[in-house]
Amino acid sequence: MSHAKPAAGAALPEMNFPKLGGGTLSVGGPRDTHTLFVVYRGKHCGRCKKYLAILDKMAGDWEAAGFEIVVVSADPEAKAQADINEFGWGFDLGYDLSEDQMRALGLYISDPLSPDETDRRFAEPGVFCVRPDGVLQVVCISNGPAARPELGELLDGMTFNIAHDRPARGMA
């Protein structure tokens with residue numbers, strides 16, 4: 001079933017996710033910083049672990065450029081906690097991304113290939129760069145784990161966009 005993809009230059013819907021350790025993570029709406037919002041497939045995805053390890057190493061660079069980092073998956077709390085325990089990422093991690101939220105983000109949704117993979121539907125990767133006014137500057141949605149934006153290039157481009165007050169592109 002297809003659903004509308006979010007438009008660059010449009011507002012990201014406001015969403016909240018439970019955060020490991022308590023509290024909530026949120027995206028959308030006005031805030032003081034830019035947001036790097038990363039949706040990953042979940043504990044079952046080895047490629048996600050590589051991607052999030054790179055993000056963890058680069059987190060200070062993203063924060064120095066004025067970005068808050070929000071990372072979330074559809075995994076339940078126990079699986080998200082197991083990932084933090086194993087990989088020790090320093091960024092906050094959200095969990096329980098709902099199918100309604102996946103659809104609102106325009107993400108591709110997959111069924112598990114087997115019970116060994118996972119026990120629920122999950123979102124394929126999405127990376128969003130959001131301006132402080134809540135508007136989507138960059139939208140990267142993939143239908144599989146092997147295609148995601150390279151984080152160094154993305155940071156370089158976003159730093160340029162911010163420095164030169166560039167608008168969102170690809171709006172036609």
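Here is a short chat about the predicted model shown above.

Student: Okay, where do we start? How many helices and strands does the protein chain have?

Tutor: Keep in mind that this is a predicted model. The protein chain has four helices and nine strands. Going along the sequence, they come in the pattern β-β-β-α-β-α-β-α-β-β-β-β-α.

Student: And how compact is the protein chain?

Tutor: Its radius of gyration is 15 Å, close to the 16 Å from the globule rule for 172 residues, so the chain is as compact as a globular protein of that length. The C-alpha atoms fill a box of roughly 50 × 35 × 30 Å along the principal axes.

Student: What percentage of the residues count as buried?

Tutor: That would be 47% of the 172 residues. As for the accessible surface, it comes to about 8400 Å², and 50% of that belongs to carbon and sulfur atoms.

Student: Let's go inside. Which residues touch the most other members in the largest nonpolar core?

Tutor: Those are Leu36, Leu55, Trp62, Val71 and Leu93, in a core of 28 residues. At least two core residues each come from β3 (34–39), α1 (46–64), β4 (67–72), α2 (77–87), β8 (126–130) and α4 (151–163).

Student: Which element supplies the largest share of this core?

Tutor: Helix α1 does, with seven residues.

Student: Pick Val71 for me. What does Val71 touch, leaving out residues up to four places away in sequence?

Tutor: Its contacts on that basis are Leu25, Val38, Tyr40, Leu52, Leu55, Phe91, Asp92, Leu93 and Gly94.

Student: Switching topic: what about charges? How many positive and negative side chains are there?

Tutor: There are 17 positive and 24 negative side chains, and the centres of the two sets lie 5 Å apart.

Student: Now Ser110. Where is it, and is it buried or exposed?

Tutor: Ser110 sits in strand β6, residues 109–110. Its relative accessible area is 18%, and buried means under 20%, so Ser110 counts as buried. Not counting residues up to four places away in sequence, Ser110 touches Arg121, Phe122 and Glu124.

Student: And Asn161, what does it touch beyond four places away in sequence?

Tutor: Asn161 is in helix α4, and on that basis it touches Gln137 and Arg166. Asn161 is buried too, with a relative accessible area of 18%.

Student: What about Gly106: which loop is it in?

Tutor: Gly106 is in the loop between α3 (99–104) and β6. Gly106 is buried, with a relative accessible area of 0%. From Gly106 to Val39 is 67 residues in sequence and 11 Å in space, C-alpha to C-alpha.

Student: One last thing. What is the phi of Asp96?

Tutor: Asp96 has a positive phi of about 60 degrees, although it is not a glycine. Most residues other than glycine have a negative phi. You'll find Asp96 in the loop between β5 (93–94) and α3, and at 35% relative accessibility Asp96 counts as partly exposed.

Student: And Asp165, where is that one, and is it buried or exposed?

Tutor: Asp165 lies in the segment after α4. It is exposed, with a relative accessible area of 69%. Asp165 has a positive phi of about 50 degrees, and it is not a glycine either.

Terms used
Residues are numbered from 1 along each chain as its sequence is written. This is a predicted model: local features need pLDDT of at least 70, side-chain atom pairs count only at pLDDT 80 or more; totals for chains, interfaces and linings use all residues. Side-chain values use heavy atoms; hydrogens and water are left out. A nonpolar core is a set of buried Ala, Val, Leu, Ile, Met, Phe, Trp, Tyr and Cys residues joined through side-chain atoms within 4.5 Å. Buried means under 20% relative accessible area, exposed over 50%, partly exposed in between (1.4 Å probe, protein chains only). Contact means heavy atoms within 4.5 Å. The radius of gyration is taken over C-alpha atoms; the globule rule is 2.2 Å times the number of residues to the power 0.38. Accessible areas come from the Shrake-Rupley method with a 1.4 Å probe; for residues, only the protein chains shown count as cover. Lys and Arg count as positive and Asp and Glu as negative; His and the chain ends are not counted. The place of a charge is taken as NZ of Lys, CZ of Arg, CG of Asp or CD of Glu.
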